[in-house]
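Visitor: I would like to learn how to read a structure like this one. Could you take me through a few of its features, one after another?

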Protein chains: 4
Amino acid sequence: VRAIAKRRLPRIVFDFIDGGAEDEVTLRANRAAFEALTLRPRYLRPVETRDQSTTVFGRRLESPVILAPTGLPRLAHWEGERAAARAAVANGTHVTLATGGSTRLEDLMEETPGPHWFQLYLWPERARNEAMVKRAQAAGYRALVLTVDVPVLGRRERDLRHGFTVPFRPRLGMALEVARHPRWIAGYARAGPIGFANFDEPGTRQRPTAHHKLTHRNPAAGLDELRWLRELWEGPLLVKGLLTAEDAEDAIACGADGIIVSNHGGRQLDGVQTSIDALPQIVAAVGGRAEILLDSGVRRGTDVVKAIALGARAVLIGRPWLWGLAAGGEAGVARVLQLLRIEIDTALALVGCRSLGELDASYVVRTGAVENVRN
Amino acid sequence: VRAIAKRRLPRIVFDFIDGGAEDEVTLRANRAAFEALTLRPRYLRPVETRDQSTTVFGRRLESPVILAPTGLPRLAHWEGERAAARAAVANGTHVTLATGGSTRLEDLMEETPGPHWFQLYLWPERARNEAMVKRAQAAGYRALVLTVDVPVLGRRERDLRHGFTVPFRPRLGMALEVARHPRWIAGYARAGPIGFANFDEPGTRQRPTAHHKLTHRNPAAGLDELRWLRELWEGPLLVKGLLTAEDAEDAIACGADGIIVSNHGGRQLDGVQTSIDALPQIVAAVGGRAEILLDSGVRRGTDVVKAIALGARAVLIGRPWLWGLAAGGEAGVARVLQLLRIEIDTALALVGCRSLGELDASYVVRTGAVENVRN
Amino acid sequence: VRAIAKRRLPRIVFDFIDGGAEDEVTLRANRAAFEALTLRPRYLRPVETRDQSTTVFGRRLESPVILAPTGLPRLAHWEGERAAARAAVANGTHVTLATGGSTRLEDLMEETPGPHWFQLYLWPERARNEAMVKRAQAAGYRALVLTVDVPVLGRRERDLRHGFTVPFRPRLGMALEVARHPRWIAGYARAGPIGFANFDEPGTRQRPTAHHKLTHRNPAAGLDELRWLRELWEGPLLVKGLLTAEDAEDAIACGADGIIVSNHGGRQLDGVQTSIDALPQIVAAVGGRAEILLDSGVRRGTDVVKAIALGARAVLIGRPWLWGLAAGGEAGVARVLQLLRIEIDTALALVGCRSLGELDASYVVRTGAVENVRN
Amino acid sequence: VRAIAKRRLPRIVFDFIDGGAEDEVTLRANRAAFEALTLRPRYLRPVETRDQSTTVFGRRLESPVILAPTGLPRLAHWEGERAAARAAVANGTHVTLATGGSTRLEDLMEETPGPHWFQLYLWPERARNEAMVKRAQAAGYRALVLTVDVPVLGRRERDLRHGFTVPFRPRLGMALEVARHPRWIAGYARAGPIGFANFDEPGTRQRPTAHHKLTHRNPAAGLDELRWLRELWEGPLLVKGLLTAEDAEDAIACGADGIIVSNHGGRQLDGVQTSIDALPQIVAAVGGRAEILLDSGVRRGTDVVKAIALGARAVLIGRPWLWGLAAGGEAGVARVLQLLRIEIDTALALVGCRSLGELDASYVVRTGAVENVRN
C-alpha cells in the first residue's frame with residue numbers, strides 16, 4: 001500500500017507523511033524494536049473462533065486498531081478524514097480527528113458519525129483551547145486526546161528542505177514534480193485550499209505559513225493544563241506521547257484515564273526510545289489505573305499482538321491509513337484495516353489465543369535469548 | 001543447489017517453496033540464529049571413524065537427517081515424493097509424507113518402501129481424520145507426525161501475490177514466465193494435474209482452490225484431539241511445530257512420543273522465535289521423556305551438530321530436499337543428503353567427536369561471549 | 001554542510017579533514033555509540049523558554065558547544081581561524097586555537113578577540129614549550145588545553161596515500177584533481193603558503209614535511225609535564241584526549257581543572273573506546289573535582305543533550321565547523337553553530353528541560369533495553 | 001597489499017590463499033571479533049621509546065609477530081618460503097615451515113638460516129612421522145608446532161569448485177583465467193612443479209591429487225601422539241589450533257610448552273568460536289604453565305595489542321604474509337612485517353605502554369559497554 005501511495009503522491013506530500021525527524025534514526029528504530037521481539041506461540045489450543053475485539057473506555061472495538069490523529073489528511077486524498085471515518089466506522093473502529101486536521105470537527109461528526117475521538121494541541125491562549133474543547137464536546141466526540149510530545153515541532157528535515165507550508169502551497173522548485181501527478185492534482189483542485197480546518201472561523205483566510213513556524217502548540221503547558229482539561233472535559237481523557245513511567249504516574253495523578261505510549265512515529269525527537277520498548281515499564285508502573293494504548297511503528301498484525309501481550313489495550317496507526325487513503329480513498333483505508341484485521345486474526349490463531357485477553361508477556365521473548373547456553 | 005533449482009523452476013513454484021510468511025523476518029532469523037551460536041571444538045581426540053548414525057524411536061538412521069513433510073513436491077519435479085523416498089532410503093533415512101503431499105500414501109509405500117513417516121493435518125471432521133490415520137497405519141507408515149502450528153495458514157505473501165492455487169494452475173499473468181521453463185513444463189505434462197493426492201478418492205476431480213482457502217486444517221483442534229490420536233495410532237506419535245516448554249509438557253502429558261521443534265521454516269507465524277533458540281528450553285523441560293527433533297533453518301552440517309549438541313536427536317530438512325529434487329530429481333535429493341552427510345562427518349571430526357552421543361551443550365557458545373573481559 | 005564542503009574542497013584537503021586512523025572503525029563507532037543511546041523524554045513540563053547556556057570555568061557560554069582545535073583550518077578556507085573566531089564569538093562561544101593551527105596566536109587574539117582557548121602540543125624541548133605557553137598567556141588566551149592523545153601521530157591512511165605535507169603542497173599526482181576546484185585555488189592563492197603559523201618566528205621559511213614526520217609532539221611527556229604546566233599556566237588547564245577513569249584521576253592529581261573526554265575524532269588510535277561510552281565512568285570517578293567536556297562524534301543537538309545528561313558540561317565540535325568553514329567561511333561556521341543551537345533547543349524542549357542543569361542520566365537508556373520482558 | 005596480491009594472482013591461487021570453509025562465517029567473524037573489542041588507552045605516560053620485542057621460549061623476537069605455517073607458499077611467488085624466511089630473519093622474527101610447505105625443510109634451513117619453527121601434520125604411519133620429526137630436529141628447527149585442528153580437512157568450497165590439486169595443476173576451465181597473469185606464469189615456470197616438498201624423497205614424482213583427498217593428517221591421533229612427540233622432540237613443543245580451556249589443560253598435561261589459539265584462519269570448522277574470544281578463557285586456565293600465542297584474523301597492529309593485552313605472548317600471521325609474498329616476494333613480506341611493526345609501535349604509544357609487558361586486560365573493553373547507564 002505504501003508503494004502505491006508513493007507513486008500516487010507528489011514527493012512533497014509523500015515526504016510530509018512518510019518522513020521523520022532529523023536523521024530518522026527513531027523512524028527506523030521503531031521497526032527494528034518490533035522485530036527484536038519474537039513471539040512464543042502456544043499450540044493445540046482450540047482457536048476455531050478468534051475474537052480480536054477489545055474494549056476501550058467501555059466501548060467495544062471490533063479490532064484493537066484505532067486511526068491515529070494526523071495532520072492534513074486531505075493532502076493524501078481530497079476526501080481526507082471523511083473517507084477515513086467512513087472506512088473506520090464500517091470496520092468497527094473510529095478515527096481521532098487532529099487539531100491540525102483538514103476537516104472541520106463539526107462537519108466530520110455530522111457527516112460521518114461515529115465514536116470518534118478528538119486530538120488536542122494546546123495554544124498558548126487558554127480561551128482558544130477552551131473554545132476548541134467545548135466545540136469537540138458539543139460535536140459529540142467520545143474522548144479527548146491531549147498530545148504532549150509536541151511542545152515544539154520536531155525537525156522534519158524533508159519538510160524543511162521542501163519548504164512545506166500550511167495551507168499547502170508547493171513552492172516553485174517542486175511544481176514540476178507535482179505536475180507529474182495529474183490524478184492528485186484533480187483531487188486537490190476539488191478539495192480547494194487545504195489547511196487547518198479548525199483554527200479559525202470559516203471564511204477567514206489563512207496565509208501559507210512555514211510548517212515549523214505554526215503556533216498551535218504551547219511549550220508552557222504543564223500538569224496544570226492537564227488538570228484544567230480534566231475539569232473541562234467530561235469524557236475519557238487520554239495523554240498521548242508519553243514514554244516514561246514517571247510521566248505516566250504524573251498523568252494519572254492529574255486525572256488522565258488513558259495513556260498512548262508513542263514517539264510520534266519518529267517525527268518529534270530523533271533518538272528517543274521506541275514505544276514498544278518503553279511500554280512494559282509504563283504498564284508495570286500504571287498497574288491498571290489507566291488504559292494504555294500504543295502507536296509508532298505498528299505495521300503488521302504481529303506488532304499489534306506483541307503490543308497487547310506487553311500490556312496495551314489497543315494500538316493506533318498513522319502512516320498506514322494515510323497510505324491507504326492516498327492509494328484509494330475510503331476503500332484504501334478500509335483495505336488497510338481489513339488487512340490488519342486478517343493479520344491479527346492469523347497471528348492470534350498462530351499464537352494460540354482466542355481473544356486478546358489471553359495474551360500476556362509470556363508470549364514475548366527477545367531475539368537471541370537462549371536459555372541454558374554458554375554465554 | 002538452491003541456485004540450480006531457482007533456474008529450473010517457474011517463479012510461482014520456486015516462491016511457493018522458498019517463501020516465508022509476511023516480511024520473512026523469521027525466514028532470515030532462522031539462519032541468523034544458527035550463525036549466532038559458535039562451536040567449541042575439542043582436539044587430539046581420536047576421530048578416525050565418525051559415526052553419525054542415530055536412533056529415533058528404536059530405528060537406526062545412518063545420518064540424523066530426515067526429509068520433512070512438504071506440500072506438493074511434484075511441483076518441483078514430476079516424480080515428487082517417489083524420487084525423494086528412493087533417495088532417502090538409499091541414504092539410510094526416510095521421508096515424511098505430508099497430508100498435503102502430491103503422491104497417494106499407499107502408492108508411496110508400495111512403490112518405494114521404507115520406514116517412512118506420515119504427517120497429519122486434521123480436518124474439522126473427525127471421521128475424515130480417522131480414515132486418513134487408518135490408511136496410514138494400514139499402509140505401514142512407522143510414525144505419525146501431527147503438525148500443530150497450522151491452525152490457520154500463515155500469510156505467505158509471495159503465494160498470495162501469485163494467486164497460487166491447488167491443484168496447481170498458474171494464472172494468466174504468470175504464464176509467460178512459466179513458458180520460459182520448457183524442461184519443467186515437460187515434467188509437468190508428464191505428471192498430470194498436481195494436487196493433493198490424499199484428500200479424495202481417486203477419480204474425484206478437485207477444482208483449483210486458492211491456497212489460503214484450503215480446508216485441511218482444524219483450528220478447533222486441542223489436546224483432546226491429540227489424546228484421541230494417541231488412542232488411534234499404534235506407532236510413535238510426534239507433535240511437530242512446538243516452540244515452548246509449556247506446549248512440550250502438554251504434548252507429553254497427552255502421550256506424544258516425540259516433539260519436532262519447528263517454526264515451519266518461517267512459513268507460518270512471522271516474528272516467532274527460532275527453533276534453535278527455543279530448543280534448549282524444551283530439552284530441559286522434557287528431560288528425556290520424549291525424543292526431540294528440530295527443523296527450520298538447517299542448511300549445513302554444523303547446524304545439525306549444533307542442534308544435536310543442544311539436545312535434538314535428529315533434524316528434518318525441508319527446502320533443501322525440494323531444491324535437490326528440482327535440480328535433479330532423485331539424484332538431486334541424494335546429492336543434498338550426501339553433502340550434508342559429508343559436512344556432518346567433517347564437523348564431527350573437527351569438534352572431536354566420534355559419534356553424536358558425545359555432543360553436549362559444552363560444544364556451543366554464543367558469538368561474542370568472552371570471559372574475563374571488561375563488559 | 002558536509003556535502004557542500006566535499007564538493008568545494010580538493011580531495012586531499014577534504015580527506016585530511018574527514019579521515020580517521022587506519023580502518024576508520026572508531027570514526028564509524030563514534031556515530032554508532034551516540035545512536036545506541038536513546039533518550040527518555042519528560043512531557044507536560046513547561047518549556048516555553050529553554051536556556052542552553054552553560055558555564056565553563058566561570059564563563060558563560062550561550063550554547064554548550066565550543067570549537068575544537070584543528071590543524072590547518074586555512075586549508076578549508078583561506079580565512080581559517082579568523083573566520084571561525086568571528087562566527088564563534090558572534091554566537092556566544094569561542095574557538096580553541098591549535099598549536100598546529102594556521103593563524104598566529106597573537107594575530108587571532110588581536111584581530112578577533114574573545115575568550116578563546118589555546119591548545120598545546122608539547123615539543124620535546126621544554127624551553128620551546130615554555131615560550132609557546134608564555135606567548136599564549138601574554139596574548140590573553142583564557143584556558144590552556146593540553147592534548148595528550150598524540151604522543152605519536154595516528155596513522156591516517158588517507159593522508160599517507162595522498163602524501164599530505166605541511167606546509168601544504170599537493171604532490172603532482174593530485175594536481176589535476178586540485179585543479180578542478182578553481183574557487184578553492186583562488187582562496188589558496190590569497191592565503192599564501194599554509195603551514196603551522198606558530199612554530200617559528202615569522203619570516204622563517206618552513207619546508208614541506210610529510211605529515212607523519214612532524215615533531216610537535218613529545219612521546220616522553222608524562223605527568224611531570226602536566227605538573228610543570230600547572231605551575232607555568234595561570235588560567236584553567238584542561239587535559240584533552242582521556243578515555244579512562246584512571247587517567248582522569250591522575251590528571252586531577254596533577255592539577256588539571258578540566259578534562260576533555262575524546263578519541264580525537266577517530267584520528268588517533270583506531271579501535272579505541274568511544275568518548276560517549278567512556279564518559280559515565282569518568283564522570284563517576286571525578287565526582288565534580290574537575291569540569292568534564294567531550295568531543296568525537298558530536299553532530300546533532302541530541303548528541304549534545306546525551307553528553308550533558310551523562311555528565312559533560314559542554315562539547316567540542318571539530319569536523320562540523322571545518323565543513324562549515326569550507327562551505328561558506330565565517331557564515332558557514334555561524335550556520336553550523338546556529339543549526340546546532342536550534343537542534344539543542346528543540347531537543348531540550350522535547351525531553352522536557354528548561355536548562356541543561358535539569359538533564360541527568362535518567363534521560364538516557366540504551367537501545368533495546370526493555371524491562372520486564374523474557375530475556 | 002591484499003589488493004595487489006589479488007591482482008597479481010590467478011583466481012584459483014588467490015582463492016586457495018584467501019578462502020575459508022563453507023559459508024566463511026568464521027572468516028568474517030574473526031575480523032568482527034577484533035573490532036568488537038575496543039582499547040582503553042592510558043596517556044601522559046612517557047612512551048618516547050617503545051619496545052615491541054618479546055621473548056618466546058627464551059628467544060627474543062624484535063616484534064611479536066611470527067609467520068604462520070601455510071601450505072604451498074610458492075604458489076604465491078616462486079621463491080616461496082625462502083623469500084619469506086629472508087624477510088622474517090631480517091625483521092627479527094622467523095617463519096614456521098609447514099609440513100605442507102613447498103620448500104624442502106633442509107634446504108630452507110641451509111639457505112636461509114634462522115630460528116625457524118617446523119609445523120607438523122601427522123600421517124597415520126608413526127614411522128613416517130618419526131622420520132619427519134627427526135629430519136626437522138637434524139636440520140636445526142627451534143620448535144615443533146603440532147597442528148591439531150585438521151584431523152580432516154575443512155571444506156573450503158572455493159577450492160572444491162576450482163578443483164584445486166597438489167602438485168598444482170589448474171584444470172582446463174581455469175586456464176584462460178590463469179593465462180591473464182603472465183608475470184605469475186613466468187614465476188611458476190621458473191619454480192617447476194609446485195607440490196609438497198617434504199613428503200617424499202627427492203626425485204619421486206607426485207601425481208596431482210585433489211586437495212581434499214590428501215593423506216597427511218591423522219584423524220586417529222590423540223593425546224598419546226602428543227606424549228610420544230614430547231618424548232621424541234627435544235626443543236619447545238607447541239600445540240596449534242586449540243580453542244578451549246579443556247584442551248589447553250590436556251595439552252599441558254601431555255608436556256606441551258606452548259599453545260597457539262587458532263581457528264585456522266576460518267579454513268577448518270566454519271562456525272567455530274573466534275580465537276580472540278577464546279583466548280581469555282584459555283589464558284585463565286593455563287595460568288602461566290605454558291606460553292600462549294594466537295592467530296586467525298590478525299591484520300592490524302591494534303589486533304596484536306589486543307591479543308597481547310588478553311594474555312598472548314605473540315601472534316602469528318598467515319594470509320598477510322602470503323599477500324605480501326604474492327605482491328612483492330621477499331620485499332613484499334618485509335613490507336608487511338614493517339607495516340605491522342609500525343602499527344604496533346603506534347598502537348603501543350597510543351595506549352601508553354613502553355613495552356608489551358605493560359599490557360593487561362584492563363586495556364580492553366567490549367564495544368558498547370557503558371557503565372552507569374540505564375540498561
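Visitor: Which strands does helix α12 of chain C lie across?

Guide: In this predicted model, helix α12 (residues 275–286) of chain C lies across β10 (237–242), β11 and β12 of chain C, and its direction is at about 180° to that of β12(C).

Visitor: How are β11 and β12 of chain C joined?

Guide: Strand β11 (residues 258–261) and strand β12 (residues 291–294) of chain C run parallel and are joined by 4 bridges; in one of these strands, β12(C), C:Leu294 is the bridge partner of C:Val261.

Visitor: What is the order of the strands in the open sheet of chain C?

Guide: The sheet has 8 strands with parallel pairing, in the order β4-β13-β12-β11-β10-β7-β6-β5. At its edges are β4 (65–67) and β5 (96–98) of chain C, each of which pairs on one side only, and neighbouring strands are turned by 30° against each other on average, direction ignored.

Visitor: Which residues touch the most other members of the largest nonpolar core?

Guide: In soluble globular proteins, nonpolar side chains tend to be buried together. Here the largest nonpolar core has 448 residues, and A:Leu359, B:Leu359, C:Leu359 and D:Leu359 touch the most other members. Leaving aside residues up to four places away in sequence, B:Leu359 touches B:Val305, B:Ile308, B:Ala309, B:Leu348, B:Val351 and B:Cys353.

Visitor: What rotation superposes chain A on chain B?

Guide: Two copies of a chain are related by a rotation about an axis and a shift along it. For chain A and chain B the rotation is 90°, with 0.0 Å of shift along the axis and an RMSD of 0.0 Å, so the two copies are related as by a four-fold rotation axis.

Methods: Residues are numbered from 1 along each chain as its sequence is written. Chains are lettered from A and ligands numbered from 1 in the order in which they are written. This is a predicted model: local features need pLDDT of at least 70, side-chain atom pairs count only at pLDDT 80 or more; totals for chains, interfaces and linings use all residues. Side-chain values use heavy atoms; hydrogens and water are left out. A nonpolar core is a set of buried Ala, Val, Leu, Ile, Met, Phe, Trp, Tyr and Cys residues joined through side-chain atoms within 4.5 Å. Buried means under 20% relative accessible area, exposed over 50%, partly exposed in between (1.4 Å probe, protein chains only). Contact means heavy atoms within 4.5 Å. Two strands pair if DSSP finds at least two bridges between them. Helices (H or I, at least four residues) and strands (E, at least two) are DSSP runs, numbered from the N terminus. Axes are lines fitted to C-alpha atoms, for helices over the stretch in contact, and angles run from 0 to 180 degrees between N-to-C directions. Copies are superposed by least squares on the C-alpha atoms of residues with pLDDT of at least 70 in both.
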